[in-house]
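Please have the viewer ready.

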Amino acid sequence: MKNIVLIGMMGCGKTTISQLLSKQLKRPLIDIDEYLVDKYKMTIPEMFNISEAYFRERETICCMEVGQKEGYIISTGGGVIKNQKNIDALHHHGTLIYLDRPVENILSDVEISTRPLLKDGPQKLYELYQQRHELYLQACDYHVINDKSLEDVVNNIIHLCTAE
Ligand code: S3P
């Protein structure tokens, strides 16, 4: 069975929606950010304090490991599309869903303290969206806009992935 892999900006709803998908479809869930923290026994801000490259190398190793699994719901970090190796690994057994949420909505509830890239303020989120939107579109199998109820978004994803 293929994995369902959620990609998209930080704060776009990947964590919440992956938990709902996991519950509804009774499938195990892996959050790659949590997998990284568990594996390397360091927080994400600690890794970024060494350097972003340090974090990205470890993120790629985790994508390769997690990409070998089957039948999982997988939530990714927002920067996963920065390296084609990550996308190839996750595509191996997975359907990639781009969860696209308006930046204004993200800004209304994103937790900044755990996201090192946002330490310079909200403007950074607009910049990242501009840089990354095309990459998410290129990487994904399905583009899903997250501006409705969570229930609608979850049902839409289930419909797309089970109709394959
Ligand atoms: C990042 C997003 C974060 C985390 C890291 C880098 C990014 O994950 O992987 O801080 O580059 O957008 P979330 O999308 O879960 O916040």
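Predicted model: local features only at pLDDT ≥ 70, side-chain atom pairs only at ≥ 80, totals over all residues.

Residues are numbered from 1 along each chain as its sequence is written, and side-chain values use heavy atoms, with hydrogens and water left out.

The ligand is surrounded by 14 residues, and the closest are Lys14, Asp33, Arg56, Arg115 and Arg132 (a residue is near a molecule if one of its heavy atoms lies within 4 Å of it). Six residues of this shell are nonpolar, three polar and five charged; here Ala, Val, Leu, Ile, Met, Phe, Trp, Tyr, Cys and Pro count as nonpolar, Asp, Glu, Lys and Arg as charged, and the others, Gly among them, as polar. At least two shell residues come from each of α3 (44-50) and α4 (52-66); helices are DSSP runs (H or I, at least four residues), numbered from the N terminus.

Which atoms meet the ligand's oxygens? A side-chain N or O atom of Lys14 is 2.6 Å from a ligand oxygen. Arg115 places a polar side-chain atom 2.8 Å from an oxygen of the ligand, and Gly78 has a polar backbone atom 2.8 Å from a ligand oxygen. Taken alone, the ligand exposes 390 Å², of which the protein buries 95% (Shrake-Rupley method, 1.4 Å probe).

Now zoom out to the surroundings. The ligand sits in the largest pocket, meaning that more than half of its atoms lie within 2 Å of the pocket's grid points. A pocket is an open set of points on a 1 Å grid over the protein atoms alone, where a 1.4 Å probe fits, with protein on both sides within 12 Å along at least five of seven lines; lining residues have an atom within 4 Å of a point. The lining has 33 residues, with Met10, Gly11, Thr15, Asp33 and Arg115 nearest the pocket's centre.

Finally, look at α2. At its start, a side-chain oxygen of Asp31 comes within 2.9 Å of the backbone nitrogen of Asp33. Lys41 follows α2 and has a positive phi, near 50°.

Technical notes
Polar contact = N/O pair within 3.5 Å; in protein donor to acceptor, adjacent residues only side chain to side chain.
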